[in-house]
Amino acid sequence: MMNKETIQQIWNSLYHTGKGEFEYRLIPNQEFHYLNLGLNSNGERCLILDLDKLDFDQKHIEKENISLKYFKTENCLCIILNNSMFYEIFDDLVLSINNKISQSSNLQFAATIFVKHFNKWSAFFEKKYSKRMSETSILGLYGELKFLESLILSEDTSIDELLMGWRGPYDEAHDFVYDLFDYEIKTIKKDSSFVKISSEFQLESTVGKELSLVIQFTEDNLQIGQNLSELYEVIFEMILERSGDLSIFLDALSQKGLNKDELKLYDERKYTILTKSVYHPLMDGFPKLISATLPLGVSNLNYTLHLKTIENFKVN
């Protein structure tokens, strides 16, 4: 499988001689050879799809820091990176497109996927500025990513379905939402005796669905722990291996103003999950405040749930 090291080797080998529009190299290990990395006459990095004899017309699209152009003389489509700040995410885009089309002999299909990827991914090349996350927010995101990783490893469900079910970054009622099951994830330090419930909807059921409260106990560990950017890479590779849509994952992160570079700001925070407990908050007697039973006029709740009080609701 194509990887980032191979991409970097190709970039390092490229030098524009000043002759022609592009200097390019074929991406290796394609069964049907038409996807290339290149530099244009301005020295900008490009992903080039050679259309051979395919009759394909595409209007130029200019976005912030990235553009899509059709070159009639060369009969090729080209995604051009206009800002070197986005080298890493551009490499991710290359991997995603290559993963989708490298084994297809249908150039019409390849061209359509190429354009669709540009449209989906262009938003990830916009400059976004997010507030620095608190320790609690870093730990919360780490916990959701670890749970997503565990779902990908254990479930036979399609990878895209699993990714679309991750709703935590969208501030929906539950962190993971699927047809029959929802999951609310709380990630705390190993010596904590309580969790914070941040709304009256977090432990409320959706009609016809089960709800699990998953509490993950962690510790800081600089030796064997993972930080957010390392976990990003793990999940990224898992999505590629299962031919998933990486843009679903990136879009979820972007809801919090996060991308690969932003995640690196928190590289000093490394955690490991020691244990995980699952609770059934829909059982009678589970201590909770939910919207259905609140007095009129009461809303926007935040409260503390002590773990000792829910021990009897733990799922074996």
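Asparagine 65 is placed in the loop between strand E4 (61–63) and strand E5 (66–71), where helices (H or I, at least four residues) and strands (E, at least two) are DSSP runs numbered from the N terminus. The phi angle of asparagine 65 is near 75°, a positive value in a residue other than glycine, and at 13% relative accessibility this residue counts as buried (buried meaning under 20% relative accessible area, exposed over 50% and partly exposed in between, with a 1.4 Å probe and protein chains only). The model is a predicted one, in which local features need pLDDT of at least 70 and side-chain atom pairs count only at pLDDT 80 or more, whereas totals for chains, interfaces and linings use all residues. Residues are numbered from 1 along each chain as its sequence is written, and side-chain values use heavy atoms, with hydrogens and water left out.

A positive phi, near 55°, is also found at asparagine 300, a residue other than glycine, which lies in the loop between strand E11 (271–279) and strand E12 (303–306). Asparagine 300 counts as exposed, at 68% relative accessibility.

Twelve aromatic pairs are present in the structure, a pair being counted if the ring centres of Phe, Tyr and Trp (its six-membered ring) lie within 6.5 Å, with planes under 30 degrees apart taken as stacked, over 60 as edge-to-face and the rest as tilted. One of these is the edge-to-face pair of phenylalanine 90 and phenylalanine 125, at 6.5 Å centre to centre and with 75° between the planes. Because phenylalanine 90 lies in helix H2 (residues 87–101) and phenylalanine 125 in the loop between helix H3 (107–121) and helix H4 (135–154), the pair ties together parts that are 35 residues apart in sequence. Phenylalanine 90 is buried, at 0% relative accessibility, and phenylalanine 125 is buried at 0% as well. Ring pairs link Trp11, Phe86, Phe90 and Phe125 into a cluster.

The axes of helix H1 (residues 4–13) and H2 come within 10 Å and cross at roughly 115°, the axes being lines fitted to C-alpha atoms, for helices over the stretch in contact, and the angles running from 0 to 180 degrees between N-to-C directions. The contact (heavy atoms within 4.5 Å) is made by Lys4, Ile7, Gln8 and Trp11 of H1 and by Phe90, Asp91, Asp92, Val94 and Leu95 of H2.
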